[in-house]
Each structure stands twice: as structure tokens, then as C-alpha cells.
Amino acid sequence: MKEPPKITKDIITLGGKSYQTDAFTNVTPTILEKTTRQLHLIPSHPIAIIKDLISSAFPDFKHYQTFSPVVSTKENFDDLCFAEDHPGRAVTDTYYINQKIMLRTHTSAHQLQVLTEADKILVTADVYRRDEIDASHYPVFHQMEGAQLFETRTVVEDVRKAIAQDSMASSSTIHTTDTTVITPANPKQECHDEAAMLATADHLKHSLNMMVRKLFSHEKDLQVRWIDAQFPFTSPSWEMEILYQGKWLEVLGCGVIRQDILINAGKPDKIGWAFGLGLERLALVLFGIPDIRLFWSHDERFLKQFEPSKIQKFIPFSKYPPCIKDISFWSNDQFHENNFCEIVRDVAGDLAEDVQLIDQFVHPKTQRRSLCYRINYRSMDRNVTNTEINEIQDKLREEVVNRMKVELR
Ligand code: FA5
Ligand code: MG
């Protein structure tokens, strides 16, 4: 998607198509601009380097990398068995172009389509979520989806052979813990034969363990663990976490694909697994990149450090001083923090490094709630001036009043 997007009151033009806006529309120019970047398609970019390394662990998978981020709510939610009232559908969490059309929140939005076309697939793409602002959250990030289907009739034997072949090759110092068990909270689907499901799950975890081993082959004593999880489109489901800087970092979600999806894909006699992983999360760990905004940098000092197919530690350039500003206001019933963060991103762009609620109280007489947010402004590549940040802060104060109907204090 290379041509610049256009946004007017009634019409949004994106990737050569026009969409009518409505009461659901909440995409902003700042977000729409990101659809033209396609970081995963720039060979020397860390996101693309990771993508290529992971996909080399799945050599005969068909890899889709150029799907438009514009999908229907049917593709992103309904086709994947999301309940009508699932929180992910809320306008506070998802970017809508209009009531029926949105920016995908995950690469799973393409699962049904690609599984009708092939039995071993990868999908890499930019995904969009309304979210908070800090060093590991950005409203656009990249995911890779993977899925593999087997004939239900032969899956047990097929998996046994596949795993026996692989395990001869590997030797590594990665410590993997898996204490997950199949329980009613994370159940086998009723339609599935138990042995077939267990074989599929074994192959899933085996494939992902092999992938991590490949990615982190130079790392000593890497700690990896499997935990139970929940997704509307898989059951049972799990997440993989990696111990990074003393904390467990979630890198992917996965599970045994809901049979309804395979039936809808025209493959009722198959059983399969799927995973979705966050490329930024792995890139932060592998390249030692300290702030998620850096991936979006146009700064040569960032981009010149990387070469296609090579993992090398990022050498930080000096950190410029922050400029810190607070804003306090009387809140109201409609207030949602994601909406506030959106306005911050709109007026400050990537100068907004961190937004934190630092104080709140309820007035004893009026019962009105007062909120105070602290905004850290900092540029990744230059000094900011107080005058410049004051102008942004003034604009923010104005927009917050106009768009959120709150009263400044
Ligand atoms: C999903 O998006 C599911 N579609 C994954 C999946 C696919 C499950 C297929 C089962 C089968 P989740 O919201 O947990 O799940 O996101 C998946 C991964 O994306 C996370 O593990 C994390 O690595 C990454 N991720 C999620 N949110 C963010 C964020 N705000 N910033 C950076 N990475 C993120
Ligand atoms: Mg998750």
C-alpha cells in the first residue's frame, strides 16, 4: 500500500479504494499514514530480518506478505468465532473505517481465506490496535501467522515421523518448560479425536520450539515456557513466553484450530494448528532495541546498523533529554484512556514517549472525577525545545476539550 491515504469528513481513500465514513469511524491521518510504511518488506529492517529468519524455519509454507490492512469485521471477528460482545470489537480498542470495515487487529483475519488455498501457510502483516503509550506499545505492530493442516485420519503417524526426523539435528542450551494440561478450562474440541488433537498439539509446540532454537541459536541459557491461553478461534490454546530482562515476555499465541473454520474453508477432514507471533517483541529481544518507536525511525543512524539476514545488537545513539508536561481535567462518563492517548498521538506524533495517569480523585461534593496525566515528550533523534513542546501541549489542551468534552483544571 504505497499511495498516500486521503481522509475527508465523508470519504476515506486508502490503497486506491474509497470508503464511506460513519459514526464508527475512528481512524486518524497519523494511523492511516502508517499503512504505507510496510516495514516487513524492507530487507534491511529488523522487522523484515526477523520475518525472514522465522520463515526459514517453515521452508515449504506458502508465505503471504502483501495483504491490505483493510478487512471486514466478518474477516477479523465473525469468521474467527468472536462473540458478538467480545471486548476486542469495541471502538475504544479497534480502528474502524466504518461500521463494517476496519484495520485488521491481527493476521488471523486472513486465516480462513489462506486455509482454503493451502495447508501450510504464513501471513506477515502490519496490524493496528488502539492502545496505551509506552516503550513496548505502539498502535501499529507486525505479526506473523502460521498454520498447518493434516489429514485427521493419518495425523498421528504423520506427526510421529516428522518429529523423529527433526530431533536428530538439534542440540542447544534453550530451557523449555511446559506444565500445561488439557482441562475443561482449556479443552479439547468435542468433535476432535483425542489422539489426533494431541498429535497436532505436539507438532505445533515442536515446530515453535524448533523455530525459537533457530532464532536464538547464539543465546546461552534462554528460558522459554508454555502457558495456557484462550482464543475464540483455537482450542486448546497456549502462549509462549521468553524470559527477558528478568520478566516473562509473551511472544506468541497459538492452538488447535476450531473445526468450524476448517469446515468453512472446505476442509472438514483435516485437523490443524495455528500461531500468531509479534515480530517487534522478538526484535526487541534479539536486537536489544530499547524503544518500539525506533522501528518507525527514518534516522540513518538506526537504519544503517542492520543488514539483511543478520542479527546484530543495536548500538544506541545518545538519548536526548525529555520534556515533561502534566495535564489535569474533570473527566466524564464517556472518557476512555485509549481515546486520550489517540489525541496525544495526533498532536505529538512520535514525540510522545510515555503517558501515565499520575493522580486521580473524586470531588467529595460534586462527585466529579479529576484526572492528571503526565506526558513524557522526547525525540529519538534530536533535542526538543520547551517552546515547541509548549505549543504541542497547548494544542493538546485544546483538542482534549473539543474532542472529549472534559473540563480543564
Ligand atoms: C492474537 O493476536 C492471535 N491472533 C494470535 C493467535 C493466532 C492465536 C493463531 C491462536 C492462533 P494476541 O493479541 O495475544 O493474539 O497477540 C499475539 C502476539 O502479538 C502477542 O503474543 C505479542 O507478541 C504481539 N502483540 C500483541 N499486542 C502487542 C502490542 N501492543 N505491541 C507489540 N506486540 C504485540
Ligand atoms: Mg496475548
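In this predicted model, Phe329 sits opposite Leu408, a residue of strand E17. That pair belongs to a meeting of two strands: E14, which covers residues 323-330, is joined to E17 by 2 bridges, and the two run antiparallel. Helix H11 (residues 386-404) packs on the sheet here, touching E14, E16 and E17. The direction of H11 makes about 20 degrees with that of E14.

Stepping back, the sheet is an open one of 4 strands, and reading across it gives the order E15-E16-E14-E17, with antiparallel pairing. Its edges are E15 (352-362) and E17 (407-408), each of which pairs on one side only. A further helix, H10 (residues 337-348), also packs on the sheet, where it touches E15 and strand E16 (369-377). Compared with the direction of E15, that of H10 makes an angle of about 140 degrees.

Now for the ligand. Around ligand 1 there are 24 residues, and the ones that come nearest are His106, Ser108, Gly253, Gly276 and Gly278. Several elements give two or more residues to this shell: the strands E8 (140-151), E11 (234-244), E12 (247-257) and E13 (270-278), along with helix H8 (279-287). Which element gives the largest share of the shell? That is E12, with 6 residues.

Definitions and conventions:
Residues are numbered from 1 along each chain as its sequence is written. Chains are lettered from A and ligands numbered from 1 in the order in which they are written. This is a predicted model: local features need pLDDT of at least 70, side-chain atom pairs count only at pLDDT 80 or more; totals for chains, interfaces and linings use all residues. A residue is near a molecule or strand if its C-beta atom, placed from the backbone, lies within 6 Å of it. Two strands pair if DSSP finds at least two bridges between them. Two residues are in contact if their C-beta atoms, placed from the backbone, lie within 7 Å. Axes are lines fitted to C-alpha atoms, for helices over the stretch in contact, and angles run from 0 to 180 degrees between N-to-C directions.
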